[in-house]
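Please work through the following exercises with the sequence and the coordinates at hand. Each task is followed by a solution in steps.

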Amino acid sequence: MNEKILYSYTGIFDSPDAIIKATEKVSEKGYKKYDVHTPYPLHGMNKAMKLPPSKLGYVALVVGLSGALSALLLMFWMSAVDYPVVIGGKPLFSFPAYVPVIFEVTVLSASIATVLTMLFIFFKLPNNKHPLHDTEYMKNVASDKYGISIQAEDEKFNEAEVIKLLEECGAKNITAIYYDEEEINHKHKILEPKFIGFLLFTALLTSGVSYLTLNKILYMPPFNWMMEQNKLNPQSTSTIFADGFGMRNPVEGTVSRGYLPYPYKGQPEAAGTNLINPLPVTKQILDIGQKKFDIYCSPCHGYNGEGDSRLRGQFPNPPSLHSEKVRTWSDGRIFHVITDGQNVMPSYSSQLNADEKWAVVHYIRALQRALNAKESDLQ
Amino acid sequence: MSVVDYSQELSVVEGRPPLRSLDDLIAKPLEVKPNKKFYIALSITLSMLGLFVIGLALTFWFGIGMWGNNNPVGWAFDIVNFVFWVGIGHAGTLISAILFLFRQKWRTGIARFAEGMTIFAVMTALLFPLIHVGRPWLDGWLLPYPNQHGVWTNFTSPLLWDVFAVSTYFTVSLIFWYVGLIPDFGSLRERATGKFKKIIYSTFSLGWRFSNRHWHHYEMVYLILAGFATPLVLSVHTIVSFDFAVSIIPGWHTTIFPPYFVAGAVFSGFAMVQNVLIAVRKIFNYKHIITVDTLEKMNKIMLVTGSMVGYAYAMEFFIAWYSGVQAETFTFFNRALGPYAWAYWIMVTCNVISPQLFWVKKIRRSVPVMFVIAIFVNVGMWFERFVIVVTSLSRDFLPSSWAYYTPTYVDFMILIGSFGFFFTWILLFTKALPVVSMAEVKAVVDGAQPSHKDH
C-alpha cells in the first residue's frame with residue numbers, strides 16, 4: 001500500500017429498498033460526487049439521487065430536424081438544380097415524393113446522433129480503465145447486488161465520516177477503491193511500434209486491395225463481360241467475310257451526308273457555264289469566305305490574292321487572282337478550281353463544303369473589286 | 001396451465017428466481033462448449049447456405065436468365081423473398097419498440113431474440129435487391145453519390161425509397177440491439193474467466209459501469225429509440241408496399257396495401273419468432289423466462305393481425321367488384337380460380353383459417369399446436385407475396401402478353417439458401433450472445449423493483 005490514491009469508498013446492499021433508502025440519506029447529507037450502481041435501472045432511483053431530466057431528447061430533436069432539412073435541400077438541389085430531369089410529368093421539385101426519404105433520413109440521423117452523444121460525450125465511453133473496473137464491487141453490482149460509491153473528490157469527503165455513514169445505512173463489504181498506479185501513469189505514445197505497425201498494415205492492405213480490384217479483378221470475368229462483347233471492332237479482322245476485313249465498304253452509290261457528288265469533274269467550261277453562286281452577298285457570308293480564304297487559300301495565294309505565297313519557294317507560287325483571266329471567269333469557273341484543283345493545286349473538297357466554297361468565291365470577288373475599283377465604287 | 005386468471009397481471013418470470021441464477025442460465029450457452037446437436041443443426045444450415053452460394057454463383061456467372069422470370073413476370077422469387085424476409089423482421093421491432101412504448105413487460109423475455117431475428121431477417125432480405133440487378137458489384141449506383149456520370153438517383157421512385165427505408169431500418173435496428181446489449185456485455189465481462197473472452201466483452205461493453213447516472217440517460221435513449229423505431233417499422237413495410245401500389249398493375253394499384261402489408265409483416269414475423277423461440281426455450285431450458293403466458297400473448301397478436309390480413313383479402317375482392325374496373329375484377333377472379341388458384345387457396349387456408357383456431361384457449365396455450373400453426377402462417381405468408389406478385393403480372397391488361405411463370409431450380413436453391421443464411425446467423429447468435437436480455441429480465445422479476453412502501 002505505498003501511497004495509493006483513493007478513488008472512493010463503496011458499500012454493497014442486498015435489496016432495492018435498502019439501496020434507495022441509503023441513496024436518499026447520502027443525497028440528504030449533501031454529497032455531490034457519488035454514484036449508485038445497479039444491475040438494471042431501478043424505479044425511483046433518479047428521484048432519490050435528485051437527477052434532473054435527461055437532455056438527450058434535445059440532441060435527437062436538433063439532429064433530426066437538421067437531417068430532415070438537409071435531406072430536403074439535397075434532393076431539391078440534385079433533382080431540380082444540378083441535373084434536372086422530368087420524370088413521369090411531375091414537377092422537378094415534387095415534395096410529396098420526397099417525404100419517405102426525408103422521414104428515413106430524419107430517423108437515421110437522430111438515432112445515430114443520440115446514441116453516439118450518449119455513449120461518447122455524456123458517458124465518455126469507452127473507458128475500461130476506470131478505477132471501479134476489476135474490483136469485487138463491480139462483480140457484485142453487475143449481477144445481483146446494489147452498490148453505492150462515494151468519491152474522494154467530493155468536497156465533503158472525509159474517510160471516517162463516509163465509512164460511518166455507509167455503516168449506518170446498513171452497507172456490507174465497505175471497501176476503499178484506489179486508482180491503479182499503472183493506469184494513471186500510463187501515457188499513450190503515438191510512436192508505439194504496435195500502432196505504427198497497425199497503420200502500415202492498414203495502409204498496405206487498403207492500397208493493395210484497391211489496386212487489385214480496380215486494375216485486375218474488374219478486368220476478369222464476369223466483371224468485364226460488358227466490355228468484351230461478341231462484336232467486331234473497327235480495324236479488327238473477320239473470318240466471316242472473304243476479304244478478311246471486319247469493316248465493310250459502303251454499298252455502291254452511297255453518298256455521305258452533306259457531300260453531293262460533283263458532276264463536272266474535269267469539265268471546267270461546263271462548270272463555268274452551268275454553276276451559279278446560290279448565296280447572296282451579305283456581310284455574314286463574306287466573313288465566312290474571308291475566314292476560310294485566310295485559312296486554306298492565303299498560304300499560297302496571299303491574304304490579298306496577289307500570289308505572294310508565304311511558303312518561301314517550297315511550293316511553286318500561284319498566279320495572281322487579279323489577272324484579267326480570273327476576273328472575267330464566272331463564279332462557277334472559280335468554284336470548279338476549288339473543287340477539282342488546277343495544275344499543282346489540289347481539290348479543297350475535303351476542307352470546304354459547297355456553301356463555304358461559294359462564300360470563298362464571293363470573297364475573292366470582293367478582293368478583285370478592291371484592287372480594281374470602278375469609278376462608281378468611290379461614291 | 002389449468003386455470004388462468006386474466007384479471008390479475010401475470011408475473012413475467014415464473015417463480016421469483018434469484019437474480020444470479022438468471023445470469024447463470026442466460027450466460028450458460030456462451031460458457032459451455034457447443035454440443036453435438038448444435039453441430040448437427042449448424043451442418044444442416046451450412047449445407048443450405050452452400051446451396052445459396054451455388055445458386056448465386058450460377059446467377060452471377062450466367063446472368064439472371066437462370067431464373068424463371070419471363071416477360072411479363074419480370075418480378076418473381078426475388079421480390080417475393082425480399083418482401084417475405086423484411087416482413088419477418090417486423091415482429092422484432094414491434095416487440096422491442098411498440099410493446100416497450102405500451103409498457104408490456106412480457107416483452108422482456110423475447111425482445112432480444114426477436115431483435116436479433118429482425119437484424120438477420122433484414123440482412124437476408126437486403127440480399128435480394130442486391131442480387132436481382134444481375135451485376136451486384138454495381139449496387140453502389142443505388143445510392144445518390146457524386147459520380148463520374150454526373151447524374152443522381154430518381155427520388156420519385158418507390159424503389160429508391162426502399163433503398164433508404166430498408167437500410168435505415170437495418171441500421172436503426174442494429175443500433176437499438178447494440179444499445180440493449182451493452183449492459184449485458186458488462187455482466188458477461190465480469191463473469192468472464194478467460195483472458196480472450198474478457199478482452200472481447202470489455203471492448204463491446206465499452207467499459208459499462210452500471211452507474212445510475214448512466215442508466216438515467218440510457219433509459220431516455222431507449223425511449224427515444226423506441227419512439228423512432230415505431231414509426232420506422234410502420235414506414236418500412238408501407239414503402240415496400242409502395243413498390244407495388246404506386247404502379248398501375250391491377251391487383252397492385254390499391255390504397256389498402258400499406259396497412260395490409262404492415263399487418264401481414266407483423267403476422268408472419270410473430271409466427272417466425274414463435275417457431276424459433278419454442279425451440280430455444282426448450283433447448284436452453286428457459287421455460288420460466290419465456291413462459292406459456294408470453295407465448296399465449298404472442299398468439300393473441302397473431303390472431304389479431306391474421307384477422308386483419310383476412311379482412312384485407314376480403315376487402316380487395318369487394319373493391320374489385322365495387323369499383324367496376326374490369327381489369328381489377330378479372331384479376332381477383334383469376335387469383336381465386338385461375339392458373340394460380342392452388343397458391344391462392346394455400347394462402348387462404350394458412351393465413352385466414354389457421355390463426356382463427358387461436359380463439360380456443362386450449363389451443364392458444366398448447367405449445368405443439370401453436371408451433372404447427374406458426375409454421376402454417378409462415379408458409380401462408382410466403383404464398384401471399386407469391387400470389388400478389390405472380391398472379392397480377394402473369395395476366396395483366398393484354399391477353400396476348402399473358403404467360404405462366406414457373407420457377408427454375410436456381411430459384412429454389414436461392415429460396416432454400418436464404419433460410420440457410422438466416423438460420424446460420426440464428427445458430428451463431430445463440431452461442432455468441434445472450435439470447436435473453438439479462439438486465440431487462442432481472443428488472444421485471446417479482447421483487448426486483450423497490451416496493452415504494454414509504455414513498
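**Exercise 1: Fold of chain B**

Task: State how many helices and strands chain B has, and explain why its radius of gyration agrees or disagrees with that of a compact globule.

Solution. The model is a predicted one. Chain B contains 15 helices and zero strands. For 455 residues, a compact globule would have a radius of gyration near 23 Å; chain B has 23 Å, so the two agree. Along the principal axes, the C-alpha atoms of chain B occupy a box of roughly 75 × 55 × 45 Å. In chain B, 47% of the 455 residues count as buried. Of the contacts in chain B between residues at least 6 apart in sequence, 83% link residues at least 24 apart.

**Exercise 2: Asn154(B)**

Solution. Apart from neighbours within four places in sequence, Asn154(B) is in contact with Ile87(A) and Leu160(B).

**Exercise 3: Side of chain B that touches chain A**

Task: Which helix supplies the largest share of the side of chain B that touches chain A?

Solution. The contacts involve 56 residues of chain B and 62 residues of chain A. Helices supplying at least two residues each on the chain B side include H5 and helix H7 (212–245). The largest share, 15 residues, comes from H7(B). By type, the residues of this side are 29 nonpolar, 19 polar and eight charged.

Technical notes. Residues are numbered from 1 along each chain as its sequence is written. Chains are lettered from A and ligands numbered from 1 in the order in which they are written. This is a predicted model: local features need pLDDT of at least 70, side-chain atom pairs count only at pLDDT 80 or more; totals for chains, interfaces and linings use all residues. Helices (H or I, at least four residues) and strands (E, at least two) are DSSP runs, numbered from the N terminus. The radius of gyration is taken over C-alpha atoms; the globule rule is 2.2 Å times the number of residues to the power 0.38. A residue is buried if 20 or more other C-beta atoms lie within 10 Å of its own, exposed if 12 or fewer, and partly exposed in between; C-beta atoms are placed from the backbone. Two residues are in contact if their C-beta atoms, placed from the backbone, lie within 7 Å. Ala, Val, Leu, Ile, Met, Phe, Trp, Tyr, Cys and Pro count as nonpolar, Asp, Glu, Lys and Arg as charged, and the others, Gly among them, as polar.
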